[in-house]
Amino acid sequence: MADALRQRPAAIEAVPVRHVGRWVAAVVVLAIAAEIVYTLATAPNLKWSVVGHYLSHRLILQGIVTTLQLTVLAMVIGIVLGVVLAVMRLSPNPVVSWVSWIYIWFFRGTPVLVQIFLWFNLALVLPFIGVGIPFTMIHWQASTNTLIAPFMAATLGLGFNEAAYMAEIVGAGIISVEHGQTEAAQALGMTRLLLMRRIVLPQAMRVIIPPTGNETISMLKTSSLAFVASVPELFTRSQQIASATFEVIELAIVASIWYLAMTSILTVGQYYLERYFGRGSQRGLPLTPIQRFRRMLFTFHAPPPAPAELPVSLPRGH
Amino acid sequence: MVKAEAVHKSFGRLEVLRGIDLEVSPGEVMCMIGPSGSGKSTFLRCINHLEKIDCGRLSVDGELVGYRERADKLYELPDPEVCKKRSEIGMVFQRFNLFPHMTALENVIEAPMRVKKESRAVAVERARKLLERVGLSDKVTVYPNQLSGGQQQRVAIARALAMQPKLMLFDEPTSALDPELVGDVLDVMRGLAEDGMTMVVVTHEMGFAREVGDSLVFMDGGVIVETGKPRDVLANPQQERTRSFLSKVL
């Protein structure tokens, strides 16, 4: 072995292949990009100073806070309820399983815009909402309008709708976990719910996290539908300003810039979450983009990275 | 410890077990051999009720598996009781089935803490002893995929032992291992047998069966073809079917 190493021949030094296609593509793309930038920058009726002014306007910033609150709350409802629905769906109890099926059928089968609208206008048919125990005096009720204010209507509409989609995602994640895991847990005496919580769901996370990240990013944008319930979120705010100043496109651009900034941050967050839940599925964690960039700076001419740095979301290979 | 009378089991139309009668005494090591599809693994899985039997009686430690009998009537056991009984029987799988998101130690303490409600300190102390016993005291904080197959299987044995079972079931524990790793796992099992653990071992390791087994069962086509002392059955099989099987594997 030592001899073989000593006699190793010199590394191959060859003239690399010239990638003409890459240069052609780069030139074409740059030309088109330059044209777009030029057109936008010089468009006579597009006032970029207005965009710049409203980008940090107080109302817009307040709208962002509301959008974030709406997104977080709706996703929390969606994830928690989605997990419950997914576990219910796979329950051996037929009643429980069917309840879940019907929920998903209804909330996935109607548009979320209509659902928000329904919650918002619930007071038209049910002026009061109450809970009580039948045949007793224990009863509590409140006016629907105070209970389901616009923000609440939008949160419920978005969250309940999201739960139906999350149930499907979580369900797929649960099914993806090898059956041997369930058997091993059962053989140790774990009950169904315990083994779900401790063994199956944590492993399902690897499959659940990437689409949940997508759902969160999607929710951030879908929350603009709260517009119909007059919730003062980012898009509503921008349109309120626009209706007063008639700078419709400028304010749409302001909203777009903020949505884009927020989804970009979420994308980075999703990357690190996936990395965290991928632990134990491969030998050693993959490098983060920053680590990879650093390594590239220091070892510019080094051979391509080892296969241990495959992205986490690839299916397990063993 | 285990008693089977006329145990039958079908998957759809396929009859996998066609009347199994056998008895395992406390402290006995019973090895089961036979061609694949002969029903060995299925029978093993019936013992801790991972599979439901269709007819016959199967009992562990004098109590029926999965049922309660009262006044000649069988009552299905509710889930919590099935789980409780399973927790008293350790099982080791061909594919290890370690929990990949937990370290070796976490794998071993999981069931004692969550099922038996032991304190972490107690569970960890026993887990460390068990991991030392299976020769892995240096792998306590390592995740399963950083272990070799043989090491994973030994963690799996430690995990099963952590529940302090009265009976251990082994479902082809060395079949998925590289040949050179088989010895370590068999050594651990041999040690268990010497300590008097009752074991039912489905295996293809004839050497192990001969040296460690107290009894040997040869199964084929869902029935027990031949049973006896391992030495006798292996050296001098009485049935033609046993003879032809052994001539191929020995």
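**Notes on a predicted two-chain model**

1. Met152(A) is partly exposed, its relative accessible area being 38% (buried is under 20%, exposed over 50% and partly exposed in between, with a 1.4 Å probe and protein chains only). You'll find Met152(A) in helix H8, residues 150-176 of chain A; helices here are DSSP runs of H or I with at least four residues, strands are runs of E with at least two, and both are numbered from the N terminus. Thr288(A) sits 136 residues away from Met152(A) along the chain, and their C-alpha atoms are 39 Å apart.

2. Before going on, some housekeeping: this is a predicted model, where local features need pLDDT of at least 70, side-chain atom pairs count only at pLDDT 80 or more, and totals for chains, interfaces and linings use all residues. Residues are numbered from 1 along each chain as its sequence is written, chains are lettered from A and ligands numbered from 1 in the order in which they are written, and side-chain values use heavy atoms, with hydrogens and water left out.

3. Chain A as a whole has 13 helices and 2 strands. Of its 318 residues, 35% are buried. Take the contacts (heavy atoms within 4.5 Å) in chain A with a separation of 6 or more: 71% of them link residues 24 or more positions apart. The chain exposes about 19,900 Å², with 71% of that supplied by carbon and sulfur atoms (Shrake-Rupley method, 1.4 Å probe; for residues, only the protein chains shown count as cover).

4. Over in chain B, have a look at strand E10, residues 199-202. Met199(B) and Val201(B) point one way, Val200(B) and Val202(B) the other, and all are buried. In a regular strand, side chains alternate between the two faces of the sheet.

5. What does E10(B) pair with? Strand E3 (residues 29-33) of chain B runs parallel to E10(B) over 4 bridges, with Cys31(B) partnering Val201(B). Strand E9 (residues 167-171) of chain B is also parallel to E10(B), again through 4 bridges, and there Leu169(B) stands opposite Val200(B). Pairing calls for at least two DSSP bridges between the strands.

6. E9(B), helix H6 (residues 179-194) of chain B and E10(B) form a right-handed β-α-β unit: with the strands pointing away from the viewer, the path from the first strand over the helix to the second runs clockwise.

7. Phe246(A) is in the loop between helices H11 (234-245) and H12 (248-277) of chain A, and is exposed at 70% relative accessibility. His49(B) is in the loop between helix H1 (40-47) and strand E4 (55-60) of chain B, and is buried at 13%.
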